[in-house]
Amino acid sequence: MAGSKEIRTKIKSVENTRKITRAMEMVAASKMRKAQERMRAARPYAEKIRQVAAHLSRANPEYKHPFLIKRDVIKNVAVIIITSDKGLCGGLNTNILRLVVARMKELEGESKGVSICAIGNKGFSFMSRIGAKVKSHMIGLGDIPHIEKLIGAVKVMLDAYNAGEIDAIYISYNGFINTMKQEPRMEQLLPLSSENLEPANSHTWDYIYEPDAKVVVDELLVRYIESLVYNAVTENQASEQSARMVAMKAASDNAKEVIGELKLIYNKARQAAITKEISEIVGGAAAVS
């Protein structure tokens, strides 16, 4: 019966693991709903500031902001990669890191320098391990992202772009499709493309500027870039909690199957031991008689 004791220990261990994964699944489900609400709440602001930025960029053809000017030669590229701070969310971080690494190899093959801005501990740790040039990073965002925390890391990249040290900036994150599907994305952040700044209608608005058009446009486009980054972070967090809930549910279901298999093995071993004892008793009685 030594084997039966070991099996009972394994069953108890898997049952304890299943309790943990079930609890994590319920926590992730609760956080997922809140993350989705934050993501949807951020979209109207991003859409409105995009429209205003589009109208402003067309209302002042005499002034062209550096964010709108495409560089003739691309020598250095930066990638803002957004990942989670914690694991246990399936292949979410693996997929986005694989996408970024593939893009980095393409750029390096074209003799272009690549700098990284890592938002999230998983991305920062991975990029540090592979020896990537991490120009700025931000970890420990928590469940509720605050744009004030993001500004510092993002501003380092924007300042480098304005100084000519970086010629293009890309942003990579997990886009939320639905609870069961999250899509790794990589989009160009700077220079701003005309498609991103396409106004909702063909006409443009006229403005009265105070103190002047340059100051207003400069400030607005910086806020627009920050809103794009914040949107990407909220999308990634909604994807993270959805992926974690699905992963923990799969782990709980697998644990349930393992428990069932172990109990079947235990019952078979127990039945075999009982049958053996009965056979020995019957054999002994027959020998006596």
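User: How many bridges join strand E4 to E5, and do they run parallel or antiparallel?
Analyst: Strands of a sheet pair through backbone hydrogen bonds, either parallel or antiparallel. Here E4 (residues 168-178) and E5 run antiparallel, joined by nine bridges. Phenylalanine 176, for instance, has glutamine 182 in E5 as its bridge partner. Strands are DSSP runs of E of at least two residues, helices runs of H or I of at least four, numbered from the N terminus; two strands pair if DSSP finds at least two bridges between them. This is a predicted model, where local features need pLDDT of at least 70, side-chain atom pairs count only at pLDDT 80 or more, and totals for chains, interfaces and linings use all residues. Residues are numbered from 1 along each chain as its sequence is written, and side-chain values use heavy atoms, leaving out hydrogens and water.

User: What is the strand order of the open sheet?
Analyst: The five strands follow E3-E2-E1-E4-E5, with mixed pairing. E3 (133-138) and E5 (181-190) are the edge strands, each pairing on one side only.

User: Is leucine 56 buried or exposed?
Analyst: Buried means under 20% relative accessible area, exposed over 50%, and partly exposed in between (1.4 Å probe, protein chains only). Leucine 56 has 5% relative accessibility, so it counts as buried. This residue sits in helix H1 (residues 2-59).

User: Which residues is leucine 56 in contact with, leaving aside its neighbours within four places in sequence?
Analyst: Contact means heavy atoms within 4.5 Å. Leucine 56 touches Tyr207, Tyr209, Val216, Val217 and Leu220, with those sequence neighbours left aside.
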